[in-house]
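User: I would like a close look at a single part of this model, with the cut-offs spelled out as you go.

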Amino acid sequence: MSTQDVHHSSQGFADDPRNNNLLVFLNGDFIKKESATVSIFDSGFVLGDGVWEGIRLVNGQLFAVEEHVDRLFQGANAIQLDIGLSKEGMIQALRDTVAINKMTDGVHIRLMVTRGEKKSPTQDPRFVIGKPTIAIVAEYKMPNPALQESGLKLLTSTIRCSGPDVFDLRLNSHSRLNFIQALLQAINAGCDEALMLDMHGFVASCNSTNFFMVRGEELWTSTGRFNFKGITRSKIIKLFEDHIGTVQQTDFTLAELYSADEAFVTGTFGGVTPVSQVDGRKIGDEMPGPLTKRIRDLYLQSMTGRKVGDD
């Protein structure tokens, strides 16, 4: 596997010494980061049986927290996992986690829920012997700003995005092996992230983000049938429609993508990250492109409540 710089990734971030002494929420208790452990019989470790969310803390506010917690509970309900907390209780746990760590800004939170510890490492969920495992890890993590100038290099993976009859991507599951396989293909080819097609050969998403391209004055993205139910994706679509122009949620091919004027990916952690290349083909003339920069600025403004560039 390539040893290219991990910071040049849609998930890349700079190390922050403040993360060395953080407390982690684990099943109602706050534990030092290095002491936070779960059993090897935990459902998440045994089979990836659980759901998760990523949430940003910006200017003292948990951005879109209700939407994230709603999605968490929808996913848990789909796999018949009783979290054991109300939505209000989960939001309070998130707030308590950042409060005990005295965090106010520049924080990314990973909220993880598994079915809990099992009597034996088996697939059958009836072997669970305890309550669900709930872990909340809040860290000082900001996207690598250099990516706004260089953009991401994507490789189209041979791994396809699945339909709901195989694996429903609207389910934010711990099971991610197929996406890791796609990412490994991209890394081994010297790229940063994998572009993934749907079962019909149309562009779907990337291995950890949702994909957009600009053609003329229009923003194009997939139909949503075969990609993540991205909260950031939905916000970008609405912001573009409200402030810039037309969004086409449609099937499109690699041939159409290769002639795009701009492209970018979206996700909770990275927000809007420009794409510079797809399969070795240059996308656009500058990083970020003008419409990519405009929608990125609008998204940052929606998060912070301030216009980009304001003190």
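At what angle do the axes of helix α2 (residues 65-78) and helix α3 (residues 87-100) cross?

Analyst: This is a predicted model, in which local features need pLDDT of at least 70 and side-chain atom pairs count only at pLDDT 80 or more, while totals for chains, interfaces and linings use all residues. Residues are numbered from 1 along each chain as its sequence is written, and side-chain values use heavy atoms, with hydrogens and water left out.

Two packed helices are described by the angle between their axes and the distance between the axes. The axes of α2 and α3 cross at roughly 125° and come within 10 Å; axes here are lines fitted to C-alpha atoms, for helices over the stretch in contact, with angles running from 0 to 180 degrees between N-to-C directions. Helices (H or I, at least four residues) and strands (E, at least two) are DSSP runs, numbered from the N terminus.

On the α2 side, V65, E66, V69, D70, L72 and F73 meet K87, M90, I91 and L94 of α3, where contact means heavy atoms within 4.5 Å. By class, this contact of α2 with α3 has seven nonpolar, three charged and no polar residues; Ala, Val, Leu, Ile, Met, Phe, Trp, Tyr, Cys and Pro count as nonpolar, Asp, Glu, Lys and Arg as charged, and the others, Gly among them, as polar.

Most residues other than glycine have a negative phi. A64, in the loop between β4 (61-62) and α2, has a positive phi near 55°, and Q80, in the loop between α2 and α3, likewise has a positive phi near 55°. As for accessibility, A64 is buried, with a relative accessible area of 11%, whereas Q80 is exposed, with a relative accessible area of 74%; buried means under 20% relative accessible area, exposed over 50%, and partly exposed in between, for a 1.4 Å probe and protein chains only.
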